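Colleague: I have the model open and would like to learn how to read its features one by one. Could you take me through them?

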Amino acid sequence: MAESKVRKPAAEPVVKAAAKPAKPESRLAMVRRARKINRVLAETYPYAHPELDFESPFELLVATVLSAQTTDLRVNQTTPALFAKYPTPEDMAMAVPEEMEEIIRPTGFFRAKTKSLIGLSVALRDRFGGEVPGRLADLVTLPGVGRKTANVVLGNAFGVPGITVDTHFGRLVRRWKWTEQEDPEKVEAEIAMIFPKSEWTMLSHRVVFHGRRVCHARRPACGACPVAPLCPSYGEGETDPEKARKLLKYEMGGQPGQRLKPPADYPGSPAPALGAG
């Protein structure tokens, strides 16, 4: 008599435990991570500096106004001719608009920028004795000068701490989850609460440096990023180290920087003058 086959009971389905949702980062943990990122950036870019060529507060003010919607390199290539013709606020206040427009045309929006430059020069001549004021409240009354421009001038020409929220700075601090704000003034206010005032100006330079060289808007070089272990957005860009290194820009990629006259400790080569090379 054939043995009857005994059916084994069907195996119980394996039920995987639901993954625990990631614990939200506490405010204290975020602040510690943010300050550690700043320390890493300080080690990576000990030579971080404003990337506009200038020799006086007036030159920095003018260069910063010109830098809207263009690169610092293009501004640096344009300002030598501009300052040769208009070296002082008094000279610039008397400029013929059409002549100035031709000089600054390479920076784009040259008509609006000419109007701002002549207007702010008139204000400096008539209201501030031909001197750039060293107070935020005064600077933002000048034509074409907003809070970002004022902070650049205060931090780099007067040594007054300030946070400069440009497109690079805003993009990176949101990527790093330091803030969710989009409005530059709100970004500035929130970041100012994370760092001591003494760090504000250099923090701005380091973050902007990193945004221009490594953490690009479209293809961040995640695989070559010194703050990758601290970045909650790691993986948005190229993670392969070799491929990532090819995305590096300026001195990090072995190319010239944006200044024609960089600081002595800058490890890269100066940028070429307009029309050179």
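Predicted model: local features only at pLDDT ≥ 70, side-chain atom pairs only at ≥ 80, totals over all residues.

Colleague: What does Thr64 touch?

Modeller: Thr64 sits in helix H2 (residues 57-66). Leaving out residues up to four places away in sequence, Thr64 touches Leu52, Thr149 and Val152. Thr64 counts as buried because its relative accessibility is 5%.

Colleague: And what happens where H8 ends?

Modeller: Gly159 follows H8 and has a positive phi, near 70 degrees. Phe158 lies in the loop between H8 and H9. With a relative accessible area of 33%, Phe158 is partly exposed. Its contacts, leaving aside neighbours within four places in sequence, are Pro57, Val132, Pro133, Gly134 and Val153.

Colleague: Where are Lys177 and Tyr250, the residues that have a positive phi without being glycines?

Modeller: Lys177, with phi of about 60 degrees, is in the loop between H9 and H10. Tyr250, with phi of about 55 degrees, lies in the segment after helix H12 (241-245). Asp183 is also in the loop between H9 and H10, and Asp183 is partly exposed at 37% relative accessibility. The C-alpha atoms of Asp183 and Val165 are separated by 9.4 Å, although the two are 18 residues apart along the chain.

Colleague: How do I compare the reach of H1 with what is expected?

Modeller: The expected span of a helix is 1.5 Å times one less than its number of residues. Helix H1 (residues 27-44) has 18 residues and reaches 26 Å from first C-alpha to last, close to the 26 Å expected. Its buried residues are Met30, Val31, Arg33, Ala34, Ile37, Asn38, Val40 and Leu41, and they pack against H11.

Colleague: What volume does the largest pocket have, and which residues lie nearest its centre?

Modeller: Rolling a probe the size of a water molecule over the atoms shows where empty space is left. On a 1 Å grid over the protein atoms alone, a cavity is a set of points where a 1.4 Å probe fits but cannot get out; a pocket is an open set with protein on both sides within 12 Å along at least five of seven lines, and lining residues have an atom within 4 Å of a point. Points are joined across faces, edges and corners, and a volume is the space filled by probe spheres set on them. The largest pocket has a volume of about 840 Å³. Its lining has 36 residues, with Lys148, Asp166, Thr167, His168 and Arg212 nearest the centre. Helix H8 (147-157), helix H9 (167-175), helix H10 (184-192) and helix H11 (200-213) each supply at least two lining residues.

Colleague: How many cavities of 30 Å³ or more are there?

Modeller: One. The largest cavity holds about 100 Å³ and is lined by 14 residues, with Cys215, Pro220, Cys222, Cys225 and Cys231 nearest its centre.

Colleague: How many disulfides does the search find?

Modeller: A disulfide is a covalent bond between the sulfur atoms of two cysteines. The cut-off is a pair of sulfur atoms within 2.5 Å, and the search of the whole structure finds zero. For Cys222, the nearest cysteine sulfur is that of Cys231, 6.5 Å away. For Cys225, the nearest is that of Cys215, 6.2 Å away. Cys222 is buried at 10% relative accessibility, and Cys225 is buried at 17%.

Note on methods: Residues numbered from 1 in each chain as written. Heavy atoms only, no water. Helix = DSSP H or I, 4+ residues; strand = E, 2+ residues; numbered from the N terminus. Buried < 20%, exposed > 50% of the residue type's maximum accessible area, 1.4 Å probe, protein only. Contact = heavy atoms within 4.5 Å.
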